[in-house]
Amino acid sequence: MGHLIDEGDIAAEQAKMDEGEWRRAYATQFHDRNRIEDLGPISIDDWRRLEDPSSQAEGRLVYGVAVSVDRQRASIGVAADSSSGGLHVELIDSRPGTLWVAQTLMAIIRRNGGAGIAIDPSSPAGSLVAEIETVLRELPEGERPELFKMSTRDHAAAAGALVDRVSPPDGTAPVLRRPPGQPDLDDAVEAARKRAMGDGAWGFARLRSETDISPLEAVTMALGGFLCLAEEEVQTEPFIAWVDV
């Protein structure tokens with residue numbers, strides 16, 4: 001270090017690799033491949049149990065946008081209240097390329113409405129932010145969804161929120177529902193791996209996952225945006241002080 005490789009390069013690798021892989025590659029510390037950091041962050045069994053054919057997204061809809069690392073595919077997800085109770089998440093669209101995303105979002109919003117769009121500007125989807133902002137200006141101001149530009153911290157919070165709702169404590173009723181028949185999303189959930197973000201926080205590792213995880217990331221962004229929207233609504237509720245007279 002300091003001769004053949006720069007310290008900053010090693011730090012960058014540590015940020016995008018899980019701890020076990022980084023220790024093996026850069027610290028010659030071999031580890032048990034069955035350790036928890038080598039497993040996917042989402043329980044596949046718990047994820048399957050969330051299937052609810054009767055669940056529909058209703059109320060205020062928040063959309064999430066994600067793009068694969070190689071920019072060969074993009075995905076749009078949605079999060080909203082579920083008609084069956086709790087929250088509903090769903091993959092709306094996932095297909096090759098990125099040029100279709102902004103106009104498809106516009107068509108979806110015109111047809112179904114929308115309260116927000118969540119996107120991570122520092123991710124591969126960041127290149128779509130300007131185009132999405134442009135198409136949103138075509139909508140009347142009162143019908144224009146809020147654009148949530150998710151930070152790295154927001155990404156970590158959204159990923160944690162998703163996992164918490166997929167695998168709630170024993171004896172707790174599921175608070176997340178999803179429709180069946182979404183193989184792209186199911187494959188992404190199974191392939192997802194963690195990446196450290198500092199202070200114990202983590203997000204989904206785009207580079208380490210063996211399959212395109214943009215479907216999962218789109219749904220995660222949507223859920224994160226929906227929770228931000230719900231938090232904003234709570235903070236803006238009027239305060240009424242009752243005074244005895």
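Q: What is the average pLDDT of the protein chain?
A: pLDDT is the predictor's confidence in each residue, from 0 to 100. The protein chain averages 85, and 84% of the residues score at least 70. Residues 32–37 have a pLDDT below 50, and this stretch has five contacts in the model beyond near neighbours in sequence (contact means heavy atoms within 4.5 Å). Where pLDDT is low, the predicted coordinates should not be read in detail.

Q: How many helices and strands are there in the protein chain?
A: Helices (H or I, at least four residues) and strands (E, at least two) are DSSP runs, numbered from the N terminus. The protein chain has eight helices and eight strands. Among contacts between residues at least 6 apart in sequence, 68% join residues at least 24 apart.

Q: How do the axes of helix 4 and helix 5 cross?
A: Two packed helices are described by the angle between their axes and the distance between the axes. Axes are lines fitted to C-alpha atoms, for helices over the stretch in contact, and angles run from 0 to 180 degrees between N-to-C directions. Here the axes of helix 4 (residues 101–112) and helix 5 (residues 129–136) come within 9 Å and cross at roughly 35 degrees.

Q: Which residues of helix 4 and helix 5 make the contact?
A: Helix 4 contributes Ala102, Gln103, Leu105, Met106 and Ile109, and helix 5 contributes Glu131, Ile132, Val135 and Leu136. These residues divide into seven nonpolar, one polar and one charged. In this count Ala, Val, Leu, Ile, Met, Phe, Trp, Tyr, Cys and Pro are nonpolar, Asp, Glu, Lys and Arg are charged, and the others, Gly among them, are polar.

Q: How many residues has the largest nonpolar core?
A: In soluble globular proteins, nonpolar side chains tend to be buried together. Buried means under 20% relative accessible area, exposed over 50%, and partly exposed in between (1.4 Å probe, protein chains only). A nonpolar core is a set of buried Ala, Val, Leu, Ile, Met, Phe, Trp, Tyr and Cys residues joined through side-chain atoms within 4.5 Å. Of the 245 residues of the protein chain, 43% count as buried. The largest nonpolar core has 32 residues, and those with the most contacts inside it are Ile42, Leu162, Phe204 and Leu216. Two or more residues each come from strand 3 (87–96), helix 6 (152–166), helix 7 (183–191), strand 8 (201–204) and helix 8 (214–235). Helix 8 gives the largest share, seven residues.

Q: What is Ile42 in contact with, leaving aside its neighbours within four places in sequence?
A: Ile42 is in contact with Trp47, Leu162, Val163, Val166, Val189, Phe204 and Leu216. A second, separate core of 24 residues includes Tyr63, Ile76, Leu105 and Ile109.

Q: Is Met221 buried or exposed?
A: Met221 lies in helix 8 and is buried, because its relative accessible area is 1%. Outside the four places on either side in sequence, its contacts are Gly64, Val65, Ala118, Ile119, Asp120, Met150 and His155. Met221 and Ala158 are 63 residues apart in sequence and 6.6 Å apart in space, C-alpha to C-alpha.

Q: What does Thr220 touch, not counting residues up to four places away in sequence?
A: Thr220, found in helix 8, touches Ala158, Ala159, Leu162 and Phe204. At 1% relative accessibility, Thr220 counts as buried.

Q: Where is Arg71 found?
A: Arg71 is in the loop between strand 1 (57–67) and strand 2 (73–82). Arg71 has a positive phi of about 65 degrees although it is not a glycine. Its relative accessibility is 34%, so Arg71 counts as partly exposed.

Key
Residues numbered from 1 in each chain as written. Predicted model: local features only at pLDDT ≥ 70, side-chain atom pairs only at ≥ 80, totals over all residues. Heavy atoms only, no water.
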